[in-house]
Amino acid sequence: MNKIGKVKEFFIEKLIVICGSLSIIFVILIFIFLAREGLTFFKYESIKDFIFGRNWYPLSNPARFGVLPLILGSVMVTLGAMAISIPLGVACAFYIAEIVNPKMKDILKTGIELLAAIPSVVIGFVGMVTLVPMVKKIFHLPTGLTALSGSIMLAFMAMPTIVSIAEDAITAVPKRYKEAALALGATHWQAIYKVILVAAAPGIFAAIMLGIGRVIGETMAVMMITGNAAVIPHTLLEPVRTLTATIAAEMGEAIRGSNHYYALYAVGIILFIITFVINFIADIFLHRIKK
Amino acid sequence: MNINDCFNCRIRVENVNFYYAKSQALKNINLDMFNNNATAIIGPSGCGKSTFIRLLNRMNELIPNTNLEGKILLDGKDINAIDTDVVEIRQLVGMVFQKPNPFPKSIYNNLSYGLEVKGIKDKHLIEKRIIESLKKSVLWDEVKDRLHDNALRLSGGQQQRLCIARCLAVEPEVILFDEPCASLDPISTAKIEELIVELKKNYTIVIVTHNMQQAARVSDFTAFFLLGELIEFGTTEKIFTSPKNKKTEEYLTGRFG
């Protein structure tokens, strides 16, 4: 190799190293920033009062920063979304992986993955003009902006993740398991239910966790259709406010350096911890499959 | 004297042609397999032996774009007839595959699966059948203390005997072996062969094998396949000592294949 070639090689190599490490450095920087701003809040308020406080009145005097209604709001909307999207998503994954013919399989899989490309504001908008009035009418509510509406729209957003990853997991189950089951006289359903499902379970679980991660972090759609009332919800038919919507809605009006501003960062930390734990669990299961 | 007169024909294959999409894998096969005998199917790779044996319990249906012509009769009944239940056929005609394929479950659950699928709920009966079939497949002494261990922790040979036990638990009458020793070491192979010799007292056995010595050791009848055609069929002794067809002789003496 000539001299110019060597120099070129050297620079390209370094450039790749820089690009690679930059992505990690950015993540670390974001994390440090979040921690620094958020933890400042706990100089003024105890962690216990923050997490278990039942009132979120950031602008009253004295201001109250109890994040419990927001956590419960997020949890309720997420649980509702999971109750809808897990059965539908897993059943859909089995349909695509096991039942439908190969040509249709491609069409369906692409279609469902396209669903992931719809911007969440569009999903929120569609929910607002179609689903919200429907929920209001069916349940005779004063408003259709409820946790239920949010759950239904979020279920749509979790579906692509769940279906796509669960389908991969099911397809990755070695064919010889299915053959063995059928050769023993199992019906197709018996083979799916007792053999393929068991073998694909870790992958399906990971798919569900990643779906939950997507739902918990979602902001725009829930802000548009869940009503944004920071009160502790008792049923799915009440307005709720989620952690994410709170940050998005209030960050603009919070004065930089105020307690309110730091409290929103503290909410961010909670959100970060929740999504980190969920992704971490999903990762453990995904790695288990690779082994 | 016709051999059909001396033996009880269990499976009769009549004028069978089989196609993968447009390529013909089997050409006009006529073959009888007899009760309480082992029939070996031998031939070079790609001659259609695996395709043939998988027709006998309708496993080829899992492959799209295939086409079958002709009849396959089990005890005189067409297994591909519209009113024949494929599940029933597969319970009567068990199969052991080339690569050991236990489920990723415990040894016990591997064996109970086929019984549960059959609708047997009685726990005592299930346990009795499991023990019986493990004893029949000569695996009982090796696993009796760890029935609830994951089956994937067994050695390859043990896994294959587990698959045989799993197949026996469903009480089939015919057992198909598709190169059952292809991925096993010589000692495990010897054990499986012994087992097949033992099993043929009570079952009808069809075995596909690459290994001609194995065919000679375990089978009573041998069919030689070449390029999708049945070249020669007869008692194993005859095929190996005085084959009529020149191609059979060339294959057996190692001139090709």
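What is the volume of the second largest cavity? It comes to about 40 Å³. Here a cavity is a set of points, on a 1 Å grid over the protein atoms alone, where a 1.4 Å probe fits but cannot get out. Grid points are joined across faces, edges and corners, and a volume is the space filled by probe spheres set on the points.

## Before we start

This is a predicted model, where local features need pLDDT of at least 70 and side-chain atom pairs count only at pLDDT 80 or more, while totals for chains, interfaces and linings use all residues. Residues are numbered from 1 along each chain as its sequence is written, chains are lettered from A and ligands numbered from 1 in the order in which they are written, and side-chain values use heavy atoms, with hydrogens and water left out.

## Chain A at a glance

Chain A has eleven helices and two strands. Helices (H or I, at least four residues) and strands (E, at least two) are DSSP runs, numbered from the N terminus. Starting at the N terminus, the order is α-α-β-β-α-α-α-α-α-α-α-α-α. Along the principal axes, the C-alpha atoms of chain A fill a box of roughly 75 × 70 × 35 Å.

## Back to the cavities

Searching the whole structure turns up three cavities of 30 Å³ or more. Let's finish with the second largest one. Its lining includes A:Ser74, A:Val77, A:Leu154 and A:Val215; a lining residue has an atom within 4 Å of a point. Two elements, α3 and α8 of chain A, each give two or more residues to this lining, and α3(A) gives the most, with three residues. By class, the lining has five nonpolar, four polar and one charged residues. Ala, Val, Leu, Ile, Met, Phe, Trp, Tyr, Cys and Pro count as nonpolar, Asp, Glu, Lys and Arg as charged, and the others, Gly among them, as polar.

The largest cavity has a volume of about 90 Å³. It is lined by 15 residues, and the closest to its centre are A:Ala183, A:Leu184, B:Gly94, B:Met95 and B:Cys167. The elements giving two or more residues to this lining are α7 of chain A, plus α3 (86-92), β6 (93-96) and α7 of chain B. Sorted by class, the lining of the largest cavity has ten nonpolar, three polar and two charged residues.

## The largest pocket

How much space lies in the largest pocket? About 570 Å³. A pocket is an open set of points with protein on both sides within 12 Å along at least five of seven lines. Of its 21 lining residues, the closest to the centre are A:Ala97, A:Glu98, A:Lys175, A:Lys178 and B:Leu62.

The largest share of the lining, four residues, comes from α3(A). By class, the pocket lining has twelve nonpolar, three polar and six charged residues.

## Two helix pairs

In chain A, the axes of α6(A) and α8(A) come within 8 Å and cross at roughly 150°. Axes are lines fitted to C-alpha atoms, for helices over the stretch in contact, and angles run from 0 to 180 degrees between N-to-C directions. The two helices are therefore roughly antiparallel to each other. Angles under 35 degrees count as roughly parallel, over 145 as roughly antiparallel, 65 to 115 as roughly perpendicular and the rest as oblique. The crossing of α6(A) and α8(A) is right-handed: a crossing is left-handed if the near helix is turned anticlockwise from the far one by less than a right angle, and right-handed if clockwise. Their contact (heavy atoms within 4.5 Å) involves, among others, A:Leu154 and A:Ala158 of α6(A) and A:Gly211 and A:Val215 of α8(A). It divides into 15 nonpolar, three polar and one charged residues.

Over in chain B, helix α4 (residues 107-117) and helix α7 (residues 156-169) have axes that come within 8 Å and cross at roughly 30°. That makes α4(B) roughly parallel to α7(B). This crossing is right-handed too. Among the residues that meet are B:Ile107 and B:Leu111 in α4(B) and B:Leu162 and B:Ala165 in α7(B).

The peptide bond from A:Asn61 to A:Pro62 is cis, with omega near 0°. A:Pro62 sits in the loop between β1 (56-57) and β2 (64-65) of chain A.

In chain B, B:Asn28 has a positive phi of about 45° although it is not a glycine. You'll find B:Asn28 in strand β2 (residues 23-34) of chain B.
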